[in-house]
Amino acid sequence: MKRLQLLIATAAVTAAASSPLAAQANVEVLNEGFASLSGLTDWDRINRSVPAGIGWFQGNSDIFGAQSGAANSYAAANFLGATNGIGIVDNWLITPTLTLSGLTTLSFFTNRELVDGFDDLIEVRFSSGSGTDAAGFDTLLATIGGATDFPTDWQQWSANLTVEGEGRFAFRYLGDPAVLSYVGLDTVRVVTAVPEPGGLLLLASGLGVLGLMRRRERQ
């Protein structure tokens, strides 16, 4: 009987979420094209390489142009993230703290220098809250390059997650500098879906049923 009650409650929540009344409005909370990386005071560039060399920097149009905007309007990182290209590269570019409400989509473009024999790698991570501690970015959303070829032309990527509250996304360029070359990041966009007031009320009602059923189970 308890299992049946829980299934009924879960169904109520699912129905509330899928109801036409639970219409969702897409809200863009970030759209960055890196026209001036040094001017982004709400982003964090943290170089955890050993020994630390150059952090993420303004794109070099002589290597390749931007995905959109001015030719150098993208963020770049390379093997010199470790001093003199010796050691271990662990170079982070972290978005501002964003307020997220429900289903959230991160999209972005990457590119790398067209040179054979290198294995560039970017990890895309998420952390709840507003901190920059590496340990907090424990949600791995995507891995680009490494064991698979890193595209040598601008390519768009996207990742979805459901989260309520504050959070930050991080782009982590890492690896042995001997096998790293040069990568670019452009047009980082985050859209979060916020239920309309009517949908929120219905969803809350469903969650209330679920909470009531769980309390009964404990009795």
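A residue is termed buried when its relative accessible area is under 20%, exposed when it is over 50%, and partly exposed in between, with a 1.4 Å probe and protein chains only. By this criterion E164, at 61% relative accessibility, counts as exposed.

The structure is a predicted model, in which local features need pLDDT of at least 70 and side-chain atom pairs count only at pLDDT 80 or more, while totals for chains, interfaces and linings use all residues. Residues are numbered from 1 along each chain as its sequence is written, and side-chain values use heavy atoms, with hydrogens and water left out.

The pLDDT, the predictor's confidence in each residue on a scale from 0 to 100, has a mean of 83 over the protein chain, and 78% of the residues reach 70 or more. Over residues 1-23 the pLDDT is below 50, and this stretch has 27 contacts beyond near neighbours in sequence, a contact being defined as heavy atoms within 4.5 Å. Over residues 198-219 the pLDDT is likewise below 50, with 23 contacts beyond near neighbours in sequence. Where pLDDT is low, the predicted coordinates should not be read in detail.

Helices (H or I, at least four residues) and strands (E, at least two) are DSSP runs, numbered from the N terminus. The protein chain has 2 helices and 10 strands, and from the N terminus on its elements follow the order α-β-β-β-β-β-β-β-β-β-β-α. Of its 219 residues, 42% count as buried. Among contacts with a separation of 6 or more, 80% are made by residues 24 or more positions apart. The accessible surface, from the Shrake-Rupley method with a 1.4 Å probe and with only the protein chains shown counting as cover for residues, comes to about 10,900 Å², of which 54% belongs to carbon and sulfur atoms.

In a regular strand the side chains alternate between the two faces of the sheet. Strand β4 (residues 75-78) is covered on both faces, with A75 and A77 buried on one side and A76 and N78 buried on the other. Strands are taken to pair if DSSP finds at least two bridges between them; β3 (residues 57-58) and β4 pair in the antiparallel sense over 2 bridges. Within this pairing, F57 stands opposite A76 in β4.

F57 also belongs to one aromatic cluster with F64, Y74, W154 and Y182. Rings of Phe, Tyr and Trp (its six-membered ring) pair if their centres lie within 6.5 Å, and planes under 30 degrees apart count as stacked, over 60 as edge-to-face and the rest as tilted. The structure holds 10 aromatic pairs. One of them joins F34 and W43, whose ring centres are 5.2 Å apart and whose planes lie at 70°, so the pair is edge-to-face. F34 counts as buried at 0% relative accessibility, as does W43 at 6%. The rings of W92 and F137 have centres 5.7 Å apart and planes at 55°, and the pair is therefore tilted. This pair links distant parts of the chain, 45 residues apart: W92 lies in strand β5 (residues 89-94) and F137 in the loop between β7 (121-128) and β8 (139-145). Both W92 and F137 are buried. The charged end of R48 sits over the ring of W92, 5.0 Å from its centre, the criterion being NZ of Lys or CZ of Arg within 6 Å of the ring centre and within 35 degrees of the ring normal.

The exposed residue E164 is found in strand β9 (residues 155-175). Not counting residues up to four places away in sequence, E164 touches L100, S101 and G102. The C-alpha atoms of E164 and V194, 30 residues apart along the chain, are separated by 9.9 Å.
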